[in-house]
Amino acid sequence: MAEEPRGAWFGFGFCGFGQAPGSGRGRQVRSPEPLHVGVDIRRVSASWSYTAFVTRGGRLELSGSASGAAGSCRDAWASEGLLVVLRAGPGSGALLQAWAPGTALRGEPLWAQDVVPEAEGEGDPGGEAQAGRLPLLPSTRAYVSPRPPFYRPLAPELRVRQLELGAEHALLLDAVGQVFSWGGGRHGQLGHGTLEAELEPRPLEALQGLAMAEVAAGGWHSVCVSETGDIYIWGWNESGQLALPTRSLAEDGETVAREATGLNADGSQVKRMAGAEDGAPAPFIAVQPFPALLDLPLGSDAIKASCGSRHTAVVTRTGDLYTWGWGKYGQLGHEDTSSWDRPRRVEYFVDKQLQVKAITCGPWNTYVYAVEKGKS
């Protein structure tokens with residue numbers, strides 16, 4: 001069997017702390033740039049001010065406001081409150097360690113715990129680079145939170161495939177493709193049709209009977225990708241991150257005469273602004289508390305998704321990358337700092353004849369793994 005071709009990681013967006021190596025401190029990186037930490041990166045986890053890179057050889061490197069390096073690492077998860085590292089332990093086990101980012105990898109960790117995987121085979125299929133599996137632990141019976149208690153068990157009946165954390169909420173994908181959510185819900189990010197919080201994992205009734213392949217949690221919005229390539233998205237739409245019309249992008253500086261706020265029949269919050277071109281009020285969706293089906297241009301099927309604080313990125317089966325939402329720091333990769341309320345293809349990878357394989361968003365930036373077309 002031919003060896004899986006090695007690709008390269010690219011970064012773009014906020015780089016105010018030098019967290020995208022080689023891009024320079026304090027710059028807005030508006031178009032994808034190859035990362036200069038080497039082509040051997042296997043995992044990427046990005047927080048607001050620093051990024052963690054794990055190589056195929058098990059070396060962890062931090063870049064940005066937190067710096068340092070360590071060996072024997074399987075995975076790392078970066079947040080502003082906590083850096084979590086999964087290191088090789090004795091036998092088939094692993095050691096979980098956590099530091100405050102300012103003291104990362106130096107001295108004794110804040111806490112440490114031995115974890116035993118349920119089964120082997122947790123690695124990348126075919127050696128392909130992917131985003132990290134943390135904050136879900138290898139046992140799939142617990143996950144890591146950036147706020148105490150750091151170690152949080154999951155109900156035994158939940159057979160977890162993936163877990164993602166937003167700013168105030170969590171998304172869980174189980175073994176049969178069912179999606180659960182819990183945590184804060186004030187921006188509709190839980191997808192249950194209300195703005196109420198949920199203390200325990202609750203299945204999304206709107207997606208019952210639809211098998212999902214991947215979930216992604218943004219700051220206050222959520223995305224999931226079905227096994228057939230459909231995208232469902234919900235939550236806060238302040239910067240167009242749901243690819244729905246938003247007032248913040250439509251306003252041109254003119255005074256709004258009046259505004260009415262209410263709920264659609266499906267529960268979505270709508271703001272209507274006077275002065276539309278046809279004389280009728282123009283609808284703008286601020287909150288979408290139910291999953292909404294999103295069509296990509298050209299009818300493309302999605303296979304992967306990731307969310308930043310207020311932007312969204314999706315990879316298609318053909319290896320194209322689409323981004324939308326907040327773009328102030330170039331995190332959409334369109335060579336500008338514009339925000340978009342509809343999916344737009346990142347032309348850099350098309351022009352370079354590159355096929356995108358993996359995507360992981362930091363709050364204000366984006367990291368992409370791509371290979372040459374025809375070699376995947």
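**Figure 1. Confidence along the predicted chain.** pLDDT is the predictor's confidence in each residue, on a scale from 0 to 100, and a contact means that heavy atoms lie within 4.5 Å. Over residues 120-132 the pLDDT stays under 50, and for this stretch the model has 33 contacts beyond four places in sequence. The pLDDT is also below 50 over residues 252-268, a stretch with 29 contacts in the model beyond near neighbours in sequence. For the protein chain the mean pLDDT is 85, and 83% of the residues reach 70 or more. This is a predicted model, in which local features need a pLDDT of at least 70 and side-chain atom pairs count only at pLDDT 80 or more, while totals for chains, interfaces and linings use all residues. Residues are numbered from 1 along each chain as its sequence is written, and side-chain values use heavy atoms, with hydrogens and water left out.

**Figure 2. The aromatic pair of Phe10 and Tyr348.** Rings of Phe, Tyr and Trp (its six-membered ring) pair if their centres lie within 6.5 Å, and the planes count as stacked if under 30 degrees apart, as edge-to-face if over 60, and as tilted for the rest. A search of the whole structure finds 17 aromatic pairs. One of them joins Phe10 and Tyr348 in an edge-to-face arrangement, with 5.8 Å centre to centre and 65° between the planes. Helices (H or I, at least four residues) and strands (E, at least two) are DSSP runs, numbered from the N terminus. Phe10 lies in strand β1 (residues 8-15) and Tyr348 in helix α2 (residues 347-351), so that this pair links distant parts of the chain, 338 residues apart. Both Phe10 and Tyr348 are buried, where buried means under 20% relative accessible area, exposed over 50%, and partly exposed in between (1.4 Å probe, protein chains only).

Figure 3. Phe14 and Tyr329 form an edge-to-face aromatic pair, with 5.0 Å centre to centre and 70° between the planes. Because Phe14 lies in strand β1 and Tyr329 in the loop between β25 (321-325) and β26 (340-345), the pair ties together parts that are 315 residues apart in sequence. Phe14 is buried, and Tyr329 is buried as well. Ring pairs link Phe14, Phe17, Trp48, Trp326, Tyr329 and Trp364 into a cluster. Over the face of Trp326 lies Arg310, at 4.0 Å from the ring centre; a charge sits over a ring if NZ of Lys or CZ of Arg is within 6 Å of the ring centre and within 35 degrees of the ring normal.

**Figure 4. The open sheet of β3, β4, β5 and β6.** Strands of a sheet pair through backbone hydrogen bonds, either parallel or antiparallel, and two strands count as paired if DSSP finds at least two bridges between them. Here 4 strands form an open sheet in the order β3-β4-β5-β6, and the pairing is antiparallel. The edge strands, each pairing on one side only, are β3 (41-46) and β6. Strand β4 (residues 50-55) pairs with strand β5 (residues 60-64) over 5 bridges, and Val54 has Leu60 in β5 as its bridge partner. The hairpin of β4 and β5 has 4 residues between the strands, and in this hairpin Gly58 takes a positive phi near 90°. Strand β5 also pairs with strand β6 (residues 68-70) in the antiparallel sense, over 3 bridges, with Leu60 standing opposite Ala70 in β6. The hairpin that β5 and β6 form has 3 residues between them.

Figure 5. Strand β7 pairs with strand β8 (residues 83-88) in the antiparallel sense over 5 bridges, and the bridge partner of Trp77 in β8 is Val84. Between β7 and β8, which form a hairpin, there are 4 residues.

Figure 6. Leaving aside neighbours within four places in sequence, Ala243 is in contact with residues including Leu294, Trp324 and Pro343. The C-alpha atoms of Ala243 and Leu294 are separated by 7.7 Å, although these residues are 51 residues apart along the chain. His192 lies in the loop between β15 (179-183) and β16 (198-203), and at 11% relative accessibility His192 counts as buried. Not counting residues up to four places away in sequence, His192 touches several residues, among them Ser181, Arg202 and Phe290.
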